[in-house]
Structures are given as structure tokens and as C-alpha cells.
Amino acid sequence: MPQVPQTLDASAVRAWCGLALEALGRAREEIDAINVYPVADGDTGTNLYLTVESAAAAVEAVFAAHAAVSGGTGGPDTFPRGPEVERPTLADAVRAMAHGALIGARGNSGTILAQLLRGMAQVLAADGDPVHTDGRGLRLALRYAADAARQAVAHPVEGTVLTVASAAADAASGAEGDCAVVARAAYEGARAALAATPGQLAVLERAGVVDAGGRGLVAVLAALVETFTGEAPAVGAVPVLASHARVEAADAQCADGGPAPAPEEESGPAFEVIYLLEADDRAVARLRDRLDALGDSLVVVGGDGLWNVHVHVDDAGAAVEAGVEAGRPHRIRITHFGPADAHTTGSTVRPVRERAQRAVVAVVPGEGLARLYAEAGATTVLARPGEPPASGELVEAVRRAHALEVVLLPNDAELRHTAAAAAEQARTEGVRVALIPTRSAVQGIAALAVHEPERRFDEDVVAMTSAAGATRYAEVEVAERQSWTMAGICQAGDVLGLIDGDVAVIGSDVTATAESVLNRMLSAGGEMVTLVLGDEAPDTIADHLEARVRESYLAVDTVVYRGGRQGALLLIGVE
């Protein structure tokens with residue numbers, strides 16, 4: 001059994017991340033169930049868990065790297081002994097923790113937690129300052145973290161995780177003693193503040209719950225106490241103030257001819273947009289102003305050129321375009337809030353939402369396609385070139401869709417096994433999942449076009465599968481190296497036209513190669529041509545190909561979409 005750390009060092013950070021992950025894993029479903037603010041989408045516990053999972057993985061990677069250099073395996077007891085062995089420093093560990101949380105942050109609360117961890121890291125790893133590894137250092141770190149998190153939120157609201165974080169810092173500031181004493185004080189202060197959140201936010205009081213994000217932070221601070229004491233404090237059950245009884249009483253009153261409940265507020269923005277952004281401070285300041293005008297629940301965290309942006313908007317495309325203007329956005333995630341989601345402002349609330357009957361989850365290769373799919377009601381997972389999503393990301397997307405039935409579109413032949421693993425995991429969680437083996441985003445578009453949630457699940461899946469299967473797909477890209485292909489030997493820099501996954505055309509001009517590919521596809525017939533343009537496609541290629549279709553193929557329609565940074569210069573679909 002590993003020893004309990006006496007001071008704040010790299011081993012303590014590692015232990016804290018591991019214990020926090022375990023605590024959030026145990027509490028995930030409980031926290032999801034009380035998630036009513038700012039959107040009752042039932043995913044706060046999951047988002048916090050995934051954020052800490054990313055932080056913990058980053059810390060483990062630091063230990064593994066040092067162990068490899070030192071000849072160990074990275075486990076807690078595997079470092080060789082001796083003063084000559086270089087071990088991870090506190091700065092190494094907290095910077096890794098903060099970076100991992102930043103790049104893995106999910107949702108509103110996860111993004112705020114990432115800033116809390118970053119704030120702590122900025123104090124504990126500050127260059128030129130004496131390192132505080134005792135209670136005083138922990139007090140300073142908690143205070144700075146709470147202030148930094150509040151500053152990251154465009155419009156702070158009391159009764160949320162921000163309130164709980166501030167209360168933890170306030171309680172810690174009055175504690176004199178070692179890290180264990182300070183951690184326990186912070187935990188007790190946070191727990192008391194959490195219990196008071198229903199009195200600060202009407203949406204919580206009406207639902208009869210405490211703040212979900214604050215509940216998650218209490219679990220993280222409980223793990224901090226366990227790190228320094230070896231004993232986990234009793235977090236206790238989440239207070240639920242008989243909300244179901246209230247709803248039943250209200251329903252009974254209406255049935256007896258009594259007054260109806262107060263009308264609900266109109267629902268808010270339709271989309272949640274999250275992305276990582278590479279940009280400088282001045283560009284981010286302008287981005288904050290622009291996104292604040294577009295929507296709400298704006299949280300921008302990070303620094304040193306890398307940021308995590310979270311906002312709720314009606315125009316997801318405008319939010320992404322604002323990021324493009326500010327710098328380089330990537331890992332873009334767009335989630336559509338369905339009719340069952342309650343987007344609240346703090347004065348009213350709907351009951352915690354029930355699962356939607358059916359949803360579509362799709363992997364897409366570019367920001368433009370992500371926007372297109374999201375506007376059609378799908379939950380999207382963005383696949384960057386060279387960064388295919390893991391099965392866990394697809395499972396998370398299924399959870400975010402929050403439906404009883406899910407149609408999963410991998411849109412890539414190489415993702416079929418990953419998607420199958422995700423579907424199997426989702427089924428163990430009670431979700432009925434149908435995996436349609438789409439091999440390209442244009443097949444996914446065809447499937448989504450015939451999707452009808454009102455019809456029986458099996459009928460809908462059959463119709464979507466038939467539409468996808470009736471769509472031939474192609475892409476035009478540039479060869480990265482010399483290679484043998486079905487069309488002969490290609491050289492680096494050649495333009496390749498792939499039809500149904502195989503190289504069919506090798507050329508030197510993008511437009512000419514695309515035209516040759518399109519002619520081959522339409523020679524077998526077709527009624528609809530779909531063109532998805534990448535950012536680096538020639539400006540005139542769409543007009544040229546549309547004109548070619550009009551002149552040579554009667555009764556064939558063409559539709560053009562902008563895919564953004566999708567890897568391929570052009571995607572082509574022929575239905």
C-alpha cells in the first residue's frame with residue numbers, strides 16, 4: 001500500500017488525480033441525475049469524469065516518461081532509488097494535470113474544473129517563486145484557482161460550482177496546518193456551500209437538488225482529503241428535496257381543476273459548441289466578446305496559446321467561424337439540445353429531462369460537416385486527420401445524445417470496429433443502438449436525409465441503411481509519398497481520386513482529377529451528386545463540376561457543402 005504523502009509533491013498530485021477519478025466514477029450517474037443548470041441534459045457527472053480522466057492520464061504519462069529514462073515501469077514503487085535518479089517534480093505533475101484537463105474538458109462544469117486545476121498549477125509551478133509544498137502553498141493554490149475560474153466565466157452565477165469553489169478557498173484560507181488540515185477545511189467549506197446552492201439559484205430549488213457541478217467539485221476535494229489522510233470523508237447522498245413529489249402534487253392539482261404550474265421559460269440556445277483553440281491573448285479577448293453576443297454559458301479557459309472554448313448558441317456555424325477568425329480551432333464538438341433539454345437561466349426549470357426516443361450520432365471529418373449534421377439534429381464527433389476518435393469518445397457521444405434508441409454512423413470504414421465496440425458498450429447501459437456501416441460522410445448525409453424519428457426503429461434503420469448503401473463515395477486528395485495503387489504507381493504530390501476506397505485516378509490537377517472521378521461514378525447512373533469541399537480545394541472546382549453535371553447528365557441534381565479542414569480536398573457522393 002503506497003504511503004500517504006505528507007507534502008504536496010508529484011506523487012500527491014498523481015494520487016489525487018487517481019482518487020478523484022475513482023470518486024467521480026462512483027458518483028457519475030448520481031451527478032448526471034441532478035444536472036438541471038444551465039441545461040438539464042443529464043451529463044455533468046460524465047463530463048467531469050472525462051475531464052479528470054484526461055488530467056490523470058497526462059500525469060501518468062509524465063511518470064511513465066521519467067520511469068522509462070530511469071529504467072522503471074512508471075508504477076508508484078518502480079523508480080530506482082538514489083539521489084542521481086531524476087523524478088517528476090511538482091511542476092511537472094501539476095502542469096501535466098492542467099494540460100490534460102484543458103484538452104480533455106467536457107461541458108460547462110468540466111471546462112470550469114479545468115480552469116480550477118490550471119489555476120492551482122499556475123501557483124504551484126510558478127517560475128521564479130519558491131515552491132510551496134505545505135499547507136500554505138495549498139491555500140494559495142485554492143484561492144488563485146477559484147478566482148481564475150470565476151474570471152473565465154463570462155457571466156458568473158451564484159449557486160453554481162463557482163460558489164462552491166470560492167467557499168472552499170475561503171475555508172482553506174482560515175486553516176492553519178499541513179496539507180491535510182487545509183484540504184479538509186476546503187472540503188468542509190465546499191460541502192456547506194453545496195448544501196446552500198438551492199437557496200441561491202431558483203432553478204435548483206424548484207427541482208429540489210443541489211448544483212451538479214458543485215457536487216462534482218465536492219467529490220474532487222474529498223479525494224484531496226483522502227490523498228493526505230488516507231481516509232475518504234463521507235460525502236453523503238445528494239440532497240433531493242422531494243422534487244418528484246412536488247411534480248406529482250402539481251399534476252394532481254391540475255387534474256382536480258386547480259391552477260396550473262407557473263409557465264416555463266422559453267428554451268434557450270439550440271447548440272453546445274466546444275473546441276480547443278490555438279490563439280494569442282488579444283485574439284481570445286475579441287473572441288470572448290463575439291461569442292458573448294452570440295449566446296450564453298460562455299466559458300473560455302486556458303492560456304499560453306492554447307484555450308478551451310465552451311458556449312451555448314443558436315448558430316453553431318457562427319461560433320466555429322469566430323474561432324477560425326481568432327486562431328486555429330480543433331477537436332470541435334457540436335451538440336444539439338433536443339426538445340427534451342431544458343435550458344434555464346436561473347429563475348425557472350423544467351423537470352430533469354427524460355431520454356429522447358431516438359437520436360443519431362455521427363463521426364464527421366470537418367467543421368463544416370459537423371455544423372451540417374448538427375443542424376439536422378445529429379450529435380457529432382469530429383475526426384481530425386490522423387486523429388480518429390476512440391471508442392470511449394463515441395460512447396460519450398451516445399450518452400450526450402441521451403436517447404433510448406441511437407443510430408450510429410461511423411462514416412469511415414476504418415472506424416467500423418471502434419464503432420462496434422462503442423455500440424456494444426452503450427447497449428450494456430440500456431441504449432438500443434443500431435450501427436450503420438457508413439464508410440464516408442457523404443453516405444452519412446444520405447442516411448440522415450431519410451431519417452424519420454417518428455417511424456419504428458427497425459424501419460428507420462433499414463431506410464437509412466438503404467440510402468447509405470445506394471450512395472457511391474469518392475474523395476480527392478494529395479499523395480504524401482510514393483506508393484503502389486490500383487491505378488499504378490503514384491508519387492508524392494500527385495492528385496489521387498479514390499472511388500469506394502480504392503485509387504481509381506492519378507493526376508496532376510485537382511479539378512481535372514475530380515472531373516474524371518465524377519464521370520466514372522456517373523457512368524453507372526445517378527440522381528444526386530453531393531460535393532463536400534475542403535478548405536484547400538480550388539475556389540472554382542465546385543462551379544466547374546456543377547456545370548459539367550448540368551451539361552452532360554440530364555436530371556441529375558448537385559448539392560455543395562463546405563466541409564472545412566476535413567483532410568480530403570473533396571468528397572463526392574452519387575446517389
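View 1. A474 stands opposite I572 in strand β16, and opposite I499 in strand β12. Strand β9 (residues 472–478) pairs with β16 (residues 570–574) in the antiparallel sense, over five bridges. Five bridges also join β9 to β12 (residues 495–499), again antiparallel. Two strands count as paired if DSSP finds at least two bridges between them. Strands are DSSP runs of E with at least two residues, helices are runs of H or I with at least four, and both are numbered from the N terminus. The model is predicted: local features need pLDDT of at least 70 and side-chain atom pairs count only at pLDDT 80 or more, while totals for chains, interfaces and linings use all residues. Residues are numbered from 1 along each chain as its sequence is written, and side-chain values use heavy atoms, with hydrogens and water left out.

**View 2. The largest pocket.** The space in the largest pocket is about 1,300 Å³. Of its 43 lining residues, E475, E477, Q566, G567 and A568 are the closest to the centre. Elements giving two or more residues to the lining are β5 (356–364), β9, β10 (483–485) and β12. The largest share, four residues, comes from β9. A pocket is found on a 1 Å grid over the protein atoms alone, as an open set of points where a 1.4 Å probe fits, with protein on both sides within 12 Å along at least five of seven lines; lining residues have an atom within 4 Å of a point. The volume is the space filled by probe spheres set on the points, which are joined across faces, edges and corners.

View 3. Strand β14 (residues 528–534) and strand β15 (residues 557–564) pair in the parallel sense over seven bridges. With helix α19 (residues 541–552), β14 and β15 make a right-handed β-α-β unit; right-handed means that, with the strands pointing away from the viewer, the path from the first strand over the helix to the second runs clockwise. Y561 in β15 is the bridge partner of V532. Y561 and T530 are 31 residues apart in sequence and 7.8 Å apart in space, C-alpha to C-alpha. Y561 is partly exposed because its relative accessible area is 24%, and partly exposed lies between buried (under 20%) and exposed (over 50%), with a 1.4 Å probe and protein chains only.

View 4. C179 is buried, at 1% relative accessible area, and C490 is buried at 2%. The structure holds zero disulfides, a disulfide being a pair of cysteine sulfur atoms within 2.5 Å.
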